[in-house]
Amino acid sequence: MRALIRLGAIALAVAVTLAGCGAPPAPDIDVARAAVDKAVADSAGQYAAESVKAAQEALAALDAELKAQEAKWFKSYDKAKELAAAAKAAGEKAAADAVAAKEKADAIAAKEKADAEAREQAKAAAVRVGGKIRPPKKIKDVQPVYPTAAKSARIAGMVIIEATIGADGKVVDAKVLRSVPMLDQAALDAVRQWEFTPTLLNGKAVPVVMTVTINFKLQ
């Protein structure tokens with residue numbers, strides 16, 4: 001009897017030892033959480049929402065595995081360690097994606113600001129075509145796309161546009177002077193793609209203002 005009791009005690013001790021030998025990989029888990037938290041704190045969600053979502057899902061998978069192991073008598077955290085590494089990598093990728101996206105957004109914003117400033121400068125310095133200022137020669141023509149809705153409605157007519165052409169011959173601004181509502185945008189889209197020879201005044205290229213007419217005819 002004593003031998004059986006002793007054997008049972010040994011078996012219990014072995015079971016307890018085996019149950020306790022598996023411990024959560026705390027350092028790996030902490031690093032994974034820190035990587036995902038940093039990505040979120042750095043506003044990655046604003047610039048890389050999909051990457052942040054993937055990182056959070058990876059962290060959720062890790063948490064689910066940890067919870068599943070807690071309910072087991074014999075624990076194994078090999079999978080948890082792998083999931084922690086995956087969550088860490090996903091968090092770092094989200095942070096990197098956010099940096100790249102922010103840099104791209106900043107570059108676009110800077111270009112738009114520079115273009116707007118150049119446009120305003122050209123408009124302020126532009127001289128109107130007429131007299132000694134001859135109309136520049138168009139070297140790139142883009143035909144307007146006749147809107148399907150306007151065709152269906154049998155709408156035609158002339159859209160008159162005032163175009164500001166920069167010193168480099170590119171259209172920097174265009175506005176409608178005479179409107180045909182369903183045709184205005186198509187006319188503007190075409191004119192903004194036109195290019196001209198630079199206009200010279202006293203041997204120097206200058207921006208000019210001129211009116212152009214886009215005639216929409218039904219076939």
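This is a predicted model: local features need pLDDT of at least 70, side-chain atom pairs count only at pLDDT 80 or more; totals for chains, interfaces and linings use all residues.
Contact here means heavy atoms within 4.5 Å.

For helix 2, which covers residues 26-41, and helix 5, which covers residues 78-125, the packing angle is about 20° and the axes are 8 Å apart. Angles under 35 degrees count as roughly parallel, and helix 2 and helix 5 are therefore roughly parallel to each other. The crossing in which helix 2 passes helix 5 is left-handed.

## Helix 4 against helix 5

Helix 4, spanning residues 49-70, also packs against helix 5, at an angle of about 165° and with the axes 8 Å apart. Because angles over 145 degrees count as roughly antiparallel, helix 4 and helix 5 are described as roughly antiparallel to each other. Their crossing is left-handed.

On the helix 4 side, the contact is made by Ser51, Val52, Ala54, Ala55, Ala58, Leu59, Ala61, Leu62, Glu65 and Leu66, while on the helix 5 side it involves Lys79, Ala80, Leu83, Ala84, Ala86, Ala87, Ala90, Gly91, Lys93, Ala94 and Asp97. By class, the residues in the contact of helix 4 with helix 5 divide into 15 nonpolar, two polar and four charged.

## Aromatic pairs

A pair of aromatic rings is described by the distance of the centres and the angle of the planes. The model has two aromatic pairs by the rule applied here. One is formed by Tyr146 and Phe216, an edge-to-face pair whose centres are 5.3 Å apart, with 80° between the planes. This pair links distant parts of the chain, 70 residues apart, since Tyr146 lies in the loop between strand 2 (138-140) and helix 6 (148-152), whereas Phe216 belongs to strand 8, residues 208-216. Tyr146 and Phe216 are both buried.

Trp194 and Phe196 form an aromatic pair with ring centres 6.3 Å apart and planes at 65°, and the pair is therefore edge-to-face. Trp194 is buried, as is Phe196.

## Lys138 beside the second pair

Lys138 is placed in strand 2, and with 32% relative accessibility it counts as partly exposed. Apart from its neighbours within four places in sequence, Lys138 is in contact with Trp194, Glu195 and Phe196, of which Trp194 and Phe196 are the two rings paired edge-to-face. The C-alpha atoms of Lys138 and Phe196 are separated by 4.2 Å, although the two residues are 58 residues apart along the chain.

## Two buried positions

Asp173 is located in strand 4, residues 171-178, and because its relative accessibility is 18%, Asp173 counts as buried. With residues up to four places away in sequence left out, Asp173 touches Arg119, Lys123, Glu162, Ala163 and Thr164.

Ala150 has its place in helix 6, and its relative accessibility of 0% means that Ala150 counts as buried. When residues up to four places away in sequence are not counted, Ala150 touches Ile155, Met182 and Leu183. Between Ala150 and Val212, 62 residues apart in sequence, the C-alpha to C-alpha distance in space is 21 Å.

## Positive phi in loops

Most residues other than glycine have a negative phi. Arg154 sits in the loop between helix 6 and strand 3 (157-165), and with 58% relative accessibility it counts as exposed.

Asn202, likewise a residue other than glycine, has a positive phi near 55°. Asn202 is found in the loop between strand 6 (199-201) and strand 7 (204-206), where it is exposed, with a relative accessible area of 80%.

Definitions and conventions
Residues are numbered from 1 along each chain as its sequence is written. Side-chain values use heavy atoms; hydrogens and water are left out. Axes are lines fitted to C-alpha atoms, for helices over the stretch in contact, and angles run from 0 to 180 degrees between N-to-C directions. Helices (H or I, at least four residues) and strands (E, at least two) are DSSP runs, numbered from the N terminus. Angles under 35 degrees count as roughly parallel, over 145 as roughly antiparallel, 65 to 115 as roughly perpendicular and the rest as oblique. A crossing is left-handed if the near helix is turned anticlockwise from the far one by less than a right angle, and right-handed if clockwise. Buried means under 20% relative accessible area, exposed over 50%, partly exposed in between (1.4 Å probe, protein chains only). Rings of Phe, Tyr and Trp (its six-membered ring) pair if their centres lie within 6.5 Å; planes under 30 degrees apart count as stacked, over 60 as edge-to-face and the rest as tilted. Ala, Val, Leu, Ile, Met, Phe, Trp, Tyr, Cys and Pro count as nonpolar, Asp, Glu, Lys and Arg as charged, and the others, Gly among them, as polar.
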